[in-house]
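User: I am new to this structure and would like to learn how to read its helices and its aromatic rings. Could you guide me?

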Amino acid sequence: MQVTLKIRRFNPEKDKEPWWGEYKFEAEPTDRLLDALNHVKWYVDGTLTYRRSCAHGVCGSDAMLINGQNGLACKLLLKNLGSKITVEPMRGFRVIKDLLVDMEAFFDKYRRMKPYFITHSPVPEKERLQSVEERQRFDDTTKCILCGACTTSCPSFWANPDYVGPAAIVNAHRFVFDSRDEGKDERLSVLALNEGVWRCRTIFNCVEACPRGINVTRAIGEIKKALLLRKI
Amino acid sequence: MNGAGRPRPQGGIDLWAWIFMRVSGVVLLVMVLVHLVIMHIINSIEVINYNFVAQRYATPFWRTYDLVMLWLAFIHGVNGVRVMIDDYVGSRGWRLLSLASLYVLGFIFLALGSLVILTFNPARPF
């Protein structure tokens, strides 16, 4: 099929303003968008810059704004995107070059959630056991690959970059509802702050954006409920 | 960008505001619908006059009903605007000014409304 790829280009060393690069070429309908981007980079314009690593929807490197919706370039097939495809960097992050964005602040917020096990009780002789039901409680939020698609689709985040954002909350949820973890209070205290969960206006963009199908708004709602139950 | 240098108030108000929005929303859904049915379906604007209001306000029930509806709706609305200002007004000065005017105006209107509902005297001839 004939594909027209419209890519939002920006090189801060050369360009004053971002511009649209248009690339027309022949591709297989079963090619992924990432293959199309690779085609441009390898055969048309080597300066095109974007992140990609595993290329199989697991590492979360190639999240971008595709036809106006956040998604992973490696998980979307050209036949499902149409013959005219627009690709832009994720919104709300500083563009370093082309589709490459600065995710430092994003990971900083992730780290603020203390995304590791916290235990105070003495170490048991064997491993800390957990029932199937207890594991199921937070199963959905273990799927996050930190691609940033949810956070950069969130209007509350666009309006206020200090908002921790859905991705950080999802990763806090993963530990808050883990029966083995004992750092619930520390994490909830961070989420109760002014830039925490209360900035969420339940817009549901994050749920649509998540390439892993995580019910993000539900997870945020459960954190809000936990904060309320902690107070009463 | 990470907000490390900014004072971070504890989200006590936000938690209760969140609960209030949900509870008042559910209560208002019922109260406003009842209000609309009485005012616009059972009665009509041609029937509603001073006498109609005076009759309703002769009993404490409708006064309480209207007062509760006024307070819930007003605080619900003011909190909604507060949240919008919080989201979209970035500069400190404008934020302070808009929040201050919101609270002052809100207080004046809420006080005026309450004054009318509480001090209305149905015995007084029009």
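Predicted model: local features only at pLDDT ≥ 70, side-chain atom pairs only at ≥ 80, totals over all residues.

User: Which residues of helix α3 of chain A are buried?

Analyst: A residue counts as buried under 20% relative accessible area. In helix α3 of chain A, residues 104-112, this applies to A:Phe106, A:Lys109, A:Tyr110 and A:Arg112. Viewed down the axis of α3(A), these buried residues fall within an arc of 160°, so they line one face of the helix. Their cover includes α5 (155-159), α6 (165-176) and α7 (184-191) of chain A. Just after α3(A), A:Lys114 adopts a positive phi of about 50°.

User: How many aromatic pairs does a search of the whole structure find?

Analyst: Over all chains, the search finds ten aromatic pairs. Planes over 60 degrees apart count as edge-to-face. The ring centres of B:Tyr57 and B:Phe120 are 5.6 Å apart and their planes are at 80°, so this pair is edge-to-face. It links distant parts of the chain, 63 residues apart: B:Tyr57 is in the loop between α2 (50-56) and α3 (60-88) of chain B, and B:Phe120 is in the segment after α4 (92-119) of chain B. B:Tyr57 is buried at 9% relative accessibility, and B:Phe120 is buried at 17%.

User: Where do B:Phe61 and B:Tyr65 lie?

Analyst: Both lie in helix α3 of chain B, four residues apart, about one turn of the helix. B:Phe61 is exposed, with a relative accessible area of 52%, whereas B:Tyr65 is buried, at 12%.

Technical notes
Residues numbered from 1 in each chain as written. Chains lettered and ligands numbered in written order. Heavy atoms only, no water. Buried < 20%, exposed > 50% of the residue type's maximum accessible area, 1.4 Å probe, protein only. Helix = DSSP H or I, 4+ residues; strand = E, 2+ residues; numbered from the N terminus. Arc of directions from axis to C-beta. Contact = heavy atoms within 4.5 Å. Phe/Tyr/Trp six-rings, centres within 6.5 Å; stacked < 30°, edge-to-face > 60°.
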